[in-house]
Amino acid sequence: MSKTVELPRWIDVGALPLLNLLLALVVSGLVVLAIGENPVQVVEILLYGAFGYEEAWGYTLYYTTNFIFTGLAFAVAFHCGLFNIGAEGQAYIGGLGVTLAALYLDFLPFPIMLVVAMLAAMIFGAAWAYIPAYLQARRGSHVVITTIMFNFIASSLMVYLLVNVLRPEGSMTPESEQIAEHLRLPFIHDIAAALGIDMASSPLNLSFVYAIVISVMVWLFIWHTRWGYAIRTVGANAVAATYAGLEPGRFIIIAMMISGALSSFVALNEVMGVQHRLLIDFTAGYGFVGIAVALMGRNHPFGIFLAALLFGMLYQGGAELSFEIPTISNDMVVVIQGLVILFTGAMEHMFRPRVTKIYTAWRLRQDAGEAA
Amino acid sequence: MDTFQLIILLLDATLRTSTPLILAALAGMFSERSGTINLALEGMMLGGAFSAAAVAFYVGSPWVGLLAAIATTIALSLLHGFACITHKGNQVVSGMAINILMSGLTALVGIALFAQGGKTPALDKGSRFQPITFPGADAVQDVPVLGLIYSELLSGHNILVYVAFLAVPAAWWVMYRTRFGLRLRAVGENPGAVDTAGIGVVAMRYRAVICSGVLVGMSGAYLSTAQGASFLQDMTAGKGYIALAAMVFGKWRPFPALAACLLFGFLDAAATRLQGVVLPGIGEVPVQLVQALPYILTVILLAGFIGRAIPPKALGRAYVKER
């Protein structure tokens with residue numbers, strides 16, 4: 001191979017992902033053109049729907065909250081070299097934990113309940129991730145397949161529980177009872193009102209703040225703790241990790257359980273924050289979006305925040321879109337999501353050789369110029 | 001209705017529910033035996049189902065619809081190959097991307113073309129695959145035991161059901177008795193050795209994913225133009241993943257995969273009939289448990305409790321010729 005120069009960081013983590021994202025958006029634009037609509041108009045409506053008025057901001061950030069949790073969940077497992085496709089199921093089971101805690105321990109005061117609900121979500125989500133993690137670590141079963149299977153098992157289990165166990169007597173709809181009013185997470189607009197600020201009402205609640213705190217904690221964990229270092233070492237090279245005295249299986253299980261716990265926080269936002277009861281399929285694909293978010297955000301909490309914001313915007317703007325242009329439904333957002341995963345995830349190496357070549361040529365010319 | 005007749009009807013339904021699984025599982029096998037993970041079966045099936053229904057509606061022929069489905073799934077397979085084989089992208093991510101993309105795209109295009117909320121218009125008789133009645137099926141219907149087996153179980157399915165069952169020995173023959181099959185399997189186990197023998201790894205893998213596309217296209221067309229009479233949004237409902245599970249359950253081999261598909265198809269057929277039924281000695285069977293059983297069984301198998309499922313050695317790794 002001819003001589004190449006290593007790409008500087010700003011190209012590697014900045015320009016290349018942006019180039020891929022741009023390509024995904026261009027192809028999305030072509031899809032819009034193909035079904036006979038105007039891409040520019042679509043972008044305008046998307047942006048207006050996501051940021052154009054006060055309420056929209058709230059909705060955008062509410063979606064962002066979910067995507068931060070599932071994005072972080074995917075990222076932690078990914079740092080250990082694992083593909084956790086199971087965030088969807090882990091969040092779903094986490095919802096069971098939150099609901100059970102809120103329904104059966106409803107005598108607890110709110111601050112204690114907050115901690116209990118959080119722990120319940122984490123324990124349930126982590127437990128659901130534990131089985132595939134154990135099977136990967138100790139029996140070599142591929143975590144991708146097992147987590148997919150566990151999503152379906154979770155879905156069947158939850159339908160069973162909602163229909164046969166959690167459904168209040170006399171009710172026809174398969175959903176749990178409402179959780180007590182004093183146990184619900186406060187909405188941001190209520191907090192603002194208490195502080196004398198007038199805000200439009202939206203589903204945005206306290207869990208957004210929590211998501212930011214968790215992002216910082218994940219950053220500290222991955223890059224500034226022993227376990228984080230061990231997880232990254234196992235992910236980079238399991239054999240080397242073994243020689244360094246780390247036992248890969250142990251950290252595979254730890255990373256997956258943390259991943260499951262992070263996914264489960266979606267339930268805090270959805271069950272305790274917005275819906276106030278357990279609904280069928282309340283996870284609504286947030287777990288899968290987490291894959292896109294993490295890949296786009298290069299598995300770094302800050303990148304994940306930006307990517308989550310982008311997807312929050314797409315989700316909220318997409319709702320506006322189906323309102324304004326009847327031929328374009330919410331499914332446009334799903335298409336964009338798929339294209340983003342395709343171009344920033346699966347085809348991330350597409351531009352790299354060419355960009356490296358161009359950059360190398362440019363650097364060599366510069367060096368030659370300096371020498372002369 | 002006596003028990004025997006009930007069993008025959010249940011098995012008859014099993015054949016219908018397992019057909020798309022068989023085609024998709026074989027599709028997955030071709031791809032994965034050559035070293036390319038194919039999580040995209042679900043999305044490809046959906047794309048095939050949509051194309052088949054849409055084209056069959058416009059043209060009025062299920063055969064043209066089938067061709068359109070296969071063309072769509074081959075295109076998607078090539079996209080998967082372009083990402084994973086040419087650009088050495090992550091195969092799991094590419095598969096998930098295609099699944100999500102097709103879930104959105106089929107609905108989006110469906111609404112744009114037909115404005116029926118993501119459905120395609122209902123197909124008339126001529127634009128669907130019709131049941132084929134075997135000669136003399138009606139005449140022997142009253143013959144005890146064999147008559148019912150012949151007329152109900154074997155006769156009266158559409159062509160794609162028979163194709164699916166014939167595809168299994170055909171796939172076995174291609175995989176284990178032809179030079180192509182040998183090379184395909186070799187490329188999934190030890191691509192370096194294949195390359196040394198002067199056979200292009202990349203070309204081989206592309207051929208494998210194209211085979212995969214042809215098969216999964218048929219399973220998609222089956223859903224919307226044979227079993228059903230139109231495309232419905234997300235109509236695959238996880239069948240692609242069940243097929244994937246069946247392939248793993250069948251240890252990446254055609255006949256064991258067929259057995260797994262029949263088992264999973266049987267569970268599916270039984271689940272709809274067991275709704276609310278109280279079995280003597282067991283009580284009411286939770287339908288959800290029956291529905292989850294294919295996934296639970298696959299996990300147990302993968303855990304190594306029912307024999308050992310060993311994937312192709314080079315599965316999931318892009319081939320790097322030299323550094």
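How far apart do the end C-alpha atoms of residues 65–85 of chain B lie, and is the span helix or strand? The ends are 29 Å apart, and the span is 100% helix and 0% strand. The model that gives these values is predicted.

That stretch is one of several with a record behind them. An unreviewed UniProt entry annotates residues 39–59, 65–85, 97–115, 159–176 and 292–311 of chain B as "transmembrane region". Residues 159–176 of chain B can be checked in the model too. This span is 100% helix and 0% strand, with its end C-alpha atoms 26 Å apart.

The chain has 12 helices and two strands. Its order along the sequence is α-α-α-α-α-α-α-α-α-α-α-β-β-α. A compact globule of 323 residues would have a radius of gyration near 20 Å, and chain B agrees with its 20 Å. Along the principal axes, the C-alpha atoms of chain B fill a box of roughly 70 × 50 × 40 Å. Of the 323 residues in chain B, 52% are buried.

Now turn to chain A. This chain has 15 helices and zero strands. Its radius of gyration is 22 Å, close to the 21 Å that the globule rule gives for 372 residues, so chain A is as compact as a globular protein of that length. The C-alpha box of chain A is roughly 85 × 55 × 40 Å along the principal axes. Buried residues account for 52% of the 372 residues of chain A. For contacts in chain A between residues at least 6 apart in sequence, 75% link residues at least 24 apart.

Chain A splits into two domains. Domain 1 takes residues 1–37 + 325–372, and domain 2 takes 56–323. Their C-alpha centres lie 29 Å apart. Where they touch, domain 1 of chain A supplies 15 residues and domain 2 of chain A supplies 12. On the domain 1 side, helix H1 (9–34) and helix H14 (331–346) of chain A each give at least two residues. H14(A) gives the most to that side, with eight residues. By class, the domain 1 side holds 10 nonpolar, five polar and no charged residues.

The two chains also meet. Their contact takes 35 residues from chain B and 38 residues from chain A. On the chain B side, helix H4 (91–114), helix H10 (239–249) and helix H12 (287–302) each give two or more residues. H4(B) has the largest share, 15 residues. The chain B side has 23 nonpolar, 11 polar and one charged residues.

What lies inside? The largest nonpolar core has 225 residues. Those with the most contacts inside it are A:Phe311, A:Ile341, B:Leu23, B:Ala25, B:Leu26 and B:Ala246. Both domain 1 (1–37 + 325–372) and domain 2 (56–323) of chain A give residues to this core, so the core lies between them. Take A:Phe311 as a close-up. Beyond its neighbours within four places in sequence, A:Phe311 contacts A:Tyr63, A:Phe67, A:Val289, A:Ala292 and A:Val293.

Methods
Residues numbered from 1 in each chain as written. Chains lettered and ligands numbered in written order. Predicted model: local features only at pLDDT ≥ 70, side-chain atom pairs only at ≥ 80, totals over all residues. Helix = DSSP H or I, 4+ residues; strand = E, 2+ residues; numbered from the N terminus. Rg over C-alpha atoms; globule rule 2.2 N^0.38 Å. Buried ≥ 20, exposed ≤ 12 C-beta atoms within 10 Å, placed from the backbone. Contact = placed C-beta atoms within 7 Å. UniProt positions renumbered as here; feature names shortened; annotations may be inferred. Domains from an automatic or database assignment. Nonpolar A, V, L, I, M, F, W, Y, C, P; charged D, E, K, R; others polar. Core = buried A, V, L, I, M, F, W, Y, C linked by C-beta atoms within 7 Å.
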